[in-house]
Each structure stands twice: as structure tokens, then as C-alpha cells.
Amino acid sequence: MAEYTKPLPRPSAATRPFWDGCREGVLRLPWCRDCGRPHFFPRSLCPHCLGIDLEWRAASGRGRVWSHSTVRLSFWGKAFDESLPYVVAMIDLEEGVRILSNVVGCGPADVVIGMPVTVTFDAVTPDVTLPRFRPA
Amino acid sequence: MRPVCIVGMGETAMGRLEGSTSLGLQAEASRLALADAGIKPAAVDAVYNLDPYTQAMSMFAQSLLEYMGLRPTVAATIDAGGTVTPMTMILNAIAAIGQGYADVALCTFGENALTGRPKGVHGLPQGPSLGQEEFEEPFGCIGMVIPYALVAQRHMQRYGTTKEQLGAVAMSARRHAGLNPRAQMRKPMTMADYMDARPIADPFGLLDCSVMSDGAGAVVLTTVERARDLRTTPVRVLGFGGKATHKNVNQMPDLDDLGLRPAGDMALGRAGLRITDADFCCIHDAFTISTVLGAEALGLCAPGEGGPYSAAGTLDLGGPCPVNPHGGLLSHAHIGGMNHLCEAVRELRHEAEAPRQVAGAKVGVVSGNGGVFSLCGVMVLGRGL
């Protein structure tokens with residue numbers, strides 16, 4: 001297998017449960033027990049109330065496209081050349097947080113704002129699985 | 001507080017300046033600004049600059065003062081992003097001079113972003129991941145084009161903004177650049193040129209994107225009292241407003257909640273003016289959509305109307321409120337928005353080349369943002385004391 005040259009996440013203590021979840025096939029979100037709200041990206045405190053009593057909950061994995069762009073040039077050396085064109089999208093998850101990812105499983109021209117999507121997991125290396133989204 | 005004004009302005013050549021260094025460019029712009037003001041270097045007691053985006057360095061203000069042989073009381077590098085960086089330098093200068101901690105402040109930014117970046121890099125080279133880049137870069141959301149493309153796509157879907165309307169923004173900037181002998185991109189642009197440009201990240205092609213430039217700009221501030229004895233027409237900061245909401249695009253609020261509008265309202269309110277009082281605007285146009293959103297947020301047109309407003313030719317010189325008479329980041333040069341401040345000063349001093357000069361300009365509005373509309377700032381500038 002060719003070496004994976006695209007950028008990889010470098011998990012911290014605050015983000016590792018998210019990436020571990022992806023590897024296990026579960027999209028997890030951090031929730032704050034103090035204010036009862038989820039947030040994303042994962043971090044060491046709640047951006048809504050600065051609470052630190054956080055817990056991880058499995059998300060539905062369902063959402064809708066908030067915006068999207070079909071990328072036609074590799075911005076990381078030549079690493080993305082083989083993937084062009086690819087779709088970067090921001091997805092509004094049912095839980096009320098937004099996540100940036102890719103839409104896969106359909107042609108770039110088929111992606112529209114508001115379209116329902118569901119998570120799919122892509123094991124890009126033995127250690128890292130990326131959550132991407134496909135048409136629901 | 002002692003009242004403060006801008007008394008000096010300098011810009012280097014812009015474009016591909018082989019052999020240039022970021023320090024050398026900042027020093028040259030600073031030398032020009034001090035000479036313009038007629039202030040001796042030894043009088044500079046506050047220095048504000050920013051280290052180059054293409055090669056992050058620490059304590060770059062010290063590097064500059066050492067290079068120029070300055071010995072100021074205050075020196076700092078300030079990174080607020082985009083045009084908000086020079087605005088924040090100016091705010092710091094006003095505070096330091098106003099409180100009497102300094103008498104003459106030098107604010108500069110510029111770099112050799114075009115010739116100084118590694119070969120084969122599109123846009124800015126990538127630095128180490130800091131924070132939530134962990135949740136963007138692995139998905140191929142890298143650099144600034146893709147985040148702004150996401151914003152543009154949202155605007156197009158929501159308001160029906162068209163690719164041709166974005167093209168009108170690029171063409172207006174190019175027409176203005178054609179009148180500016182210092183502009184980097186002066187070759188006339190047709191709609192066909194725009195539509196046929198290399199696709200980058202939908203809806204953007206190459207001509208939706210600002211240029212990469214070598215160059216630097218600088219402004220010098222001092223007290224109004226001292227300005228009375230100087231030869232240049234002073235320019236006052238009549239008001240500033242700012243609003244920060246996030247850093248990376250994945251945390252961006254929706255179009256209605258961007259910081260541009262509250263920043264503009266605050267700045268104009270502070271100045272006691274309305275947008276109709278502005279003789280021209282300099283809007284941070286890193287991408288074509290930036291001008292559209294900037295025009296809407298400043299109230300030049302209604303929310304969602306930025307596309308038709310641009311397509312009607314309203315941005316051009318001769319219109320009700322010309323936007324980016326220098327050609328903007330899209331066609332003049334991109335040195336972090338420093339040129340937007342310099343152009344505003346030049347227009348307010350009535351020193352722009354004849355076809356570019358907005359006749360009788362008294363009030364100019366500079367609107368900018370750092371990041372992806374992350375930290376927004378608006379500064380209202382006025383001619384004279």
C-alpha cells in the first residue's frame with residue numbers, strides 16, 4: 001500500500017475519544033453536563049458555559065449539508081492529486097453542531113445545500129479513521 | 001488623551017521583487033513613510049509590525065527596529081489577521097501616543113510572499129497545525145481558498161448570487177488596477193477571461209482569488225499638535241469598530257451573524273457618520289465574495305444584494321461610493337491589507353493619480369477581516385484636523 005501523505009489528525013487528550021470512536025465506527029460528540037449542550041470541535045471545556053464536566057455521547061450520524069465546495073487543486077503538495085475533484089462540506093448534525101468533512105458516494109455535482117447525509121467511516125491508515133458523509 | 005493622526009505613508013513597489021526580504025521590504029516602506037512625514041527616524045518611539053505569513057518568526061518588531069537602527073520605547077508584532085492587523089497597529093499607536101507613552105509611531109506590514117514561499121506551493125505554505133486545524137486539514141480543507149469558497153457557495157444558494165456577479169467584482173478591481181501604476185495586475189480582464197480561469201475550488205476560479213505579492217506598506221502617526229508643523233495633510237481616525245466570532249471556517253456563524261456588520265455599525269456610530277457620508281470604501285477583498293459581503297455589511301446595499309450591486313458597476317470609480325480604487329487585494333497587491341489603509345490615506349490627501357482620485361474625498365471607510373470573516377474590523381478615516 002502506498003504511503004499515506006495527506007495530513008492526519010494529531011489527537012490530544014481532549015480529542016482522542018473522538019478519533020477512537022471513529023476507529024470503532026461510532027461518531028461521538030462531547031456534551032456538557034453543566035449546560036446540557038453539545039459542541040464541536042472537541043476541547044477541554046464547554047465553549048457555551050466554560051463547564052469542564054464533559055461526557056461523550058454517540059451521535060446519530062445524520063445531518064444536512066450547510067455548504068460545500070468541489071476542490072480542483074491540491075493544496076498539500078501533490079497529496080490530494082489522486083483525489084481530485086473532491087467535495088469539502090460543512091454538515092449540520094441533528095444534534096445541533098456543525099462538522100467539516102467530505103461528501104462521498106455521489107458525484108460532486110449532485111451535492112446541494114440542505115441535502116440529507118449520513119456518516120460513513122474511512123480507515124485511511126491503521127490508526128486513523130476519518131468520518132465522511134454520504135447521501136442519506 | 002492627546003488627539004492623534006496619520007501623518008506619513010509609504011509603499012514599496014508591489015509584485016515579483018526577486019531577492020527581496022520581508023525585513024527589507026518593511027524597512028523600505030517605513031523609510032518612505034517617515035520621509036513622507038518629514039520625521040527623523042530617531043523620533044520613532046513606537047514600532048508595530050507583523051512577521052511574514054510565509055515564514056513565521058518571533059519578535060519581528062525587534063528585528064525591524066534593529067535593521068533600521070531604531071530605539072523605540074514600545075515595539076510589538078501584532079497579528080489580528082488581514083486588514084484588521086494594520087487597524088490594530090493603529091489603535092495601539094493611538095493609545096500609546098494618546099496616553100503620552102510615545103510621540104511617533106510606525107506601523108508596517110509586508111513580506112516577500114510571492115518569491116519567498118517554497119516552490120510548488122499554492123497560496124500560503126502551511127504551518128504546523130494549531131488547534132482545530134485537526135478538524136479541517138485531514139479532510140482536505142487547507143489554506144484560505146476553500147473556506148471562502150464555502151462561504152461563497154452559501155451566499156449563492158441563499159441569495160441567488162451568480163458566478164457572473166462575482167466576476168463583476170473581479171473586473172471592477174482590475175479596471176481600478178489598470179489606472180494604478182503600482183498595481184500588480186493591470187492587464188484588462190473580460191468576463192470570458194474570468195469565466196475561463198483555472199478552476200480552483202467551486203465556485204472559485206483563479207480570478208476570484210487575490211494575488212500573491214512581494215511588497216510592504218507603512219503609516220506613521222503622531223499627535224495632532226505635532227502634525228500642524230508637518231508638510232503632509234493629516235488623516236484622522238474618526239472611528240473604529242470590531243467584532244470577533246471564531247477563527248476557522250468550521251466555527252463560522254451563518255452569514256447574518258458575521259462580525260462585519262456590527263463592526264461597521266460601531267465604527268460609523270463612533271464617527272457620528274452614516275455610510276452615505278463615505279466618499280469611498282476600501283474593502284478587504286481576499287476573494288470576490290469578500291467585496292459582496294463587505295458592501296452588504298457596510299450598508300452600501302441590502303443584505304443579499306451584494307451580487308446585483310456589484311454587477312451594476314456600482315463599485316467603480318464614478319459610482320456613488322467607489323470600492324477599492326487602488327485595485328484591491330484582487331488586482332493591486334496583497335500584503336495583508338496594509339495597502340487598503342495606505343490607499344485610504346492617499347485618497348484622503350488627494351494624492352492619487354488623476355483618474356483614480358475620488359474628487360474632494362473627505363471620508364473613507366476601510367473594512368476588513370482576518371481569517372475567514374473571523375475577526376472583523378472597520379475604520380473610518382477623515383481628511384484633515
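1. A residue counts as buried if 20 or more other C-beta atoms lie within 10 Å of its own, as exposed if 12 or fewer do, and as partly exposed in between, with C-beta atoms placed from the backbone. B:N324 is found in the loop between helix 10 and helix 11 of chain B. Here helices (H or I, at least four residues) and strands (E, at least two) are DSSP runs, numbered from the N terminus. B:N324 also has a positive phi of about 55 degrees, although it is not a glycine.

2. A word on what you are looking at. This is a predicted model, in which local features need pLDDT of at least 70 and side-chain atom pairs count only at pLDDT 80 or more, while totals for chains, interfaces and linings use all residues. Residues are numbered from 1 along each chain as its sequence is written, and chains are lettered from A and ligands numbered from 1 in the order in which they are written. The model scores ipTM 0.98 and pTM 0.96. Chain B averages a pLDDT (the predictor's confidence in each residue, from 0 to 100) of 95, and 97% of the residues score at least 70.

3. Now for a second residue in that loop. B:P320 is placed between helix 10 (306-311) and helix 11 (328-332) of chain B. Is B:P320 buried or exposed? B:P320 is exposed, because 10 other C-beta atoms lie within 10 Å. From C-alpha to C-alpha, B:P320 and B:A286 are 23 Å apart in space, and 34 residues apart in sequence.

4. Next, please look at where the chains meet. Two residues are in contact if their C-beta atoms, placed from the backbone, lie within 7 Å. The contact takes 28 residues from chain A and 27 residues from chain B. On the side of chain B that touches chain A, the elements giving two or more residues are helix 4 (145-159) and strand 5 (199-201) of chain B. Helix 4 of chain B gives the most, with six residues. By class, that side of chain B has 11 nonpolar, 11 polar and five charged residues. For these classes, Ala, Val, Leu, Ile, Met, Phe, Trp, Tyr, Cys and Pro count as nonpolar, Asp, Glu, Lys and Arg as charged, and the others, Gly among them, as polar.

5. The expected span of a helix is 1.5 Å times one less than its number of residues. For the 15 residues of helix 4 of chain B this should be 21 Å, and its end C-alpha atoms are 21 Å apart, which agrees. How many of its 15 residues are buried? The count is 12, so helix 4 of chain B is mostly covered. Among the buried residues are B:I146, B:L150 and B:R154. The buried residues pack against strand 3 (62-71) and strand 4 (86-93) of chain A, together with helix 5 (163-178), strand 5, strand 6 (204-205) and helix 9 (288-298) of chain B. Just after helix 4 of chain B, B:G160 takes a positive phi of about 75 degrees.

6. Helix 5 of chain B comes next. It has 16 residues and reaches 22 Å from its first C-alpha to its last, close to the 22 Å expected. This helix is largely enclosed by the rest of the structure, because 12 of its 16 residues are buried. Those buried include B:L166, B:M171 and B:R174. What covers them includes helix 4, helix 6 (191-196), helix 9, helix 10 and helix 11 of chain B.

7. Finally, some backbone details in chain A. Most residues other than glycine have a negative phi, and most peptide bonds are trans. The peptide bond from A:F40 to A:F41 is cis, with omega near 15 degrees. A:F41 is found in the loop between strand 1 (28-32) and strand 2 (54-58) of chain A. A:L50 also lies in the loop between strand 1 and strand 2 of chain A, and its phi is near 65 degrees, a positive value in a residue other than glycine. A:L50 counts as exposed, because it has 10 C-beta neighbours inside 10 Å. The peptide bond from A:L84 to A:P85 is cis too, with omega near -15 degrees. A:P85 lies in the loop between strand 3 and strand 4 of chain A.
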